[in-house]
Amino acid sequence: MKDTSISVVIPVYNLEHYIGTTIDSVLNQTVLPDEVIIVDDGSTDNSISVIEEYINKSPDNFIRLVRQKNSGPGAARNRGIEVAQSEWIAFLDGDDIWLPEKINMIRKAISQYPDISIFTHDEYEVDIAENEKLKLLHKYYDNRKALFQQLYRGCFLSTSCMVVKKSALMDVGGFNINLPSAQDYDLWLKLARNNHLVFIPIPLEKYILRADSISFNAEKRYKCSLEIAYFHSEHLAQIVGGTKARWQLLRQVFICHYNAITTLLNQRKYVEMLEICIRLPIEIFKVMLKKLKKENI
């Protein structure tokens, strides 16, 4: 019988005003997961107190709190993966919200597709003014084509939507803690090399945008996105050949610069925007000099 046990991994850093709502969204599932692992990443606010209240009200060992010094969300998620006792890991950020049918739908999908290692779904995006926008993420994925090439062109996966087999996560080494941003995108690309994905075309989560989120740090995201594009272009070359991989890398370089420039323009950070504009021809030159070869494997 297919093992459908699920551990929820929630990283937390200074989320005292959000974590209660997030935990409630797990407890309000029509079908509960097997355990909830909350990894506190060195919070300095009252997050621990809020979490402990939920632990005291829950069955023994259903909610487990792991504490560590501040090391970043990737390290916190890796710690949660490590101590998880279930076959599957469901990621949930400490300020996002699951809809009640999430676990039930995932369990059904796991049983229906026994050879799949990654499951995900659509979401609602909630902005700072609390306006909800339906994001049909599944429309960006074509299950007739290889996952890696599609993901390399742009990330259409959202962390709090992702449920991944623990063994697959361990095989690729989990999140790269040396990336201060876009660690999730890097991990999905690593997983996409040897694993398959099933999209549930239903919104089962609310992604909450916050002004202090790392996603709003355009400079960090720009640098990490560039690093990811270069690193994974080597594997892309093994699939499509060096010439095609170079042109796709060049496309990603343009996208990284465009995203950073438009974000900084909206934030009125004109000096930083000018610095990234100046870097564009330098990065183009680097791509044209880069040797990408298709290996015989």
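Two strands pair if DSSP finds at least two bridges between them. Helices (H or I, at least four residues) and strands (E, at least two) are DSSP runs, numbered from the N terminus. The model is predicted, so local features need pLDDT of at least 70 and side-chain atom pairs count only at pLDDT 80 or more, while totals for chains, interfaces and linings use all residues. Residues are numbered from 1 along each chain as its sequence is written, and side-chain values use heavy atoms, with hydrogens and water left out.

Start with helix H4, residues 102–112. Colour its buried residues: Lys102, Ile103, Asn104, Ile106, Arg107, Ala109 and Ile110. Buried means under 20% relative accessible area, exposed over 50%, and partly exposed in between (1.4 Å probe, protein chains only).

Next, show what covers those residues of H4; among the elements are strands E1 (6–12), E4 (88–91), E6 (118–126) and E9 (197–208). Contact here means heavy atoms within 4.5 Å.

Now select E6. Eight of its nine residues are buried, leaving the strand mostly covered.

- E8: the pairing with E6 is antiparallel, over two bridges. Pick Phe119 and look for Val163 in E8, its bridge partner.
- E9: the pairing with E6 is parallel, over eight bridges. Tyr124 stands opposite Lys206 of E9.
- E7 (residues 132–135): four bridges join this strand to E6, and the two run antiparallel. Glu123 has Lys135 in E7 as its bridge partner.

Finish at the hairpin formed by E6 and E7, with five residues between the strands. Select Glu130 in the turn, where phi is positive at about 70 degrees.
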